[in-house]
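Please look over the sequence and the model shown here.

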Amino acid sequence: MPQQADLLRALAARGAKPPPAVEWHETIGSTNDRLKELARQGAPEWTVVIADRQSGGRGREGRRWVSPSGGLYLSVLLRPRFRGTGLIPLAAGVAVAEAVAEQGVAVALKWPNDVVVVEPDAGASDAAEAGERKLAGILAEASPGSQRTDWVVLGVGINVDLEVGTLGKELSGRAASLGELAPGGRVTIAEVAAAVLVRLRVWYDALGSSPESVTSAWRARAVRWWGERIEIRVAGERLRGRLVGVDESGALLVDREGGTRRFVAGEVALLRREG
Ligand code: BTN
């Protein structure tokens with residue numbers, strides 16, 4: 001498949017090791033689901049599954065990830081040998097933000113790891129969500145059961161060269177695409193995939209040696225919502241509070257009546273700013 005050769009070339013041009021195996025599908029249900037099968041069969045760390053399109057792409061919190069051609073749909077297999085695997089999604093967010101930034105597009109991270117483009121002035125008085133468009137999302141899924149994490153399948157979806165209008169009415173206003181934003185013109189999926197894999201190795205290695213460098217890199221790229229009133233949707237509930245920060249394990253800290261609460265999952269939205 002030509003795209004696969006392009007990926008290997010792009011990795012070699014960066015002096016990066018090729019993955020032990022790459023499966024590149026034209027269409028698949030979900031690259032994460034396919035890679036989970038390979039993980040159970042004992043596939044080595046850094047095995048990669050990519051697809052041009054997904055018919056059953058999955059997002060966080062049980063949502064769908066609409067996956068027409070023009071997007072990057074990539075899953076990579078990790079077999080962590082360190083503690084603190086809870087920081088993997090944050091490390092992946094930093095890696096994807098850096099890979100995207102290489103194309104000259106400024107992005108921010110919204111907890112835990114949405115990669116968003118924030119319009120200047122957004123949130124000054126209106127609901128900030130109106131000014132924030134999602135460019136990429138990450139879905140990390142770990143092996144169930146045992147005390148030790150055997151594998152983590154890390155799925156990355158990036159709108160590379162797709163018309164956001166093709167994502168449907170509900171999503172198009174809230175989505176952004178690299179092709180439409182990159183000052184340098186056309187961006188290829190293989191280039192972006194190579195950049196993601198290279199940056200991911202850097203931040204994954206950092207998790208083993210200095211996890212605090214990952215949380216500080218994440219904080220440096222986060223949307224500036226600290227101290228603001230937010231709503232967090234978690235397990236069918238909507239809770240409000242003031243955003244305090246992210247702790248060393250990657251959990252979100254929110255001040256509510258009765259004290260600070262820690263969240264390890266959920267969807268955060270900024271509430272209308274006062275004044
Ligand atoms: C999110 O909700 O923001 C996470 C989206 C993750 C989408 C990617 S695309 C590749 C991989 N395969 C999937 O089915 N989902 C992830």
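This is a predicted model: local features need pLDDT of at least 70, side-chain atom pairs count only at pLDDT 80 or more; totals for chains, interfaces and linings use all residues.

Residues are numbered from 1 along each chain as its sequence is written, and side-chain values use heavy atoms, with hydrogens and water left out.

Leucine 78 stands opposite valine 152 in E7. Strands (E, at least two residues) and helices (H or I, at least four) are DSSP runs numbered from the N terminus. Strands E3 and E7 (residues 152-159) pair in the antiparallel sense over eight bridges; pairing requires that DSSP finds at least two bridges. E3 also pairs with strand E2 (residues 48-54), again in the antiparallel sense, over four bridges.

In a regular strand the side chains alternate between the two faces of the sheet. In E3, Gly71, Tyr73, Ser75 and Leu77 on one side are buried, as are Leu72, Leu74, Val76 and Leu78 on the other. Buried means under 20% relative accessible area (1.4 Å probe, protein chains only).

E3 is also among the elements that each supply at least two residues of the lining of the largest pocket. A pocket is an open set of points on a 1 Å grid over the protein atoms alone, where a 1.4 Å probe fits, with protein on both sides within 12 Å along at least five of seven lines; lining residues have an atom within 4 Å of a point. This pocket has 36 lining residues, and Arg63, Arg64, Trp65, Lys134 and Leu171 lie nearest its centre. Strand E6 (132-142) gives the most to that lining, with five residues.

Terms used: Buried means under 20% relative accessible area, exposed over 50%, partly exposed in between (1.4 Å probe, protein chains only).
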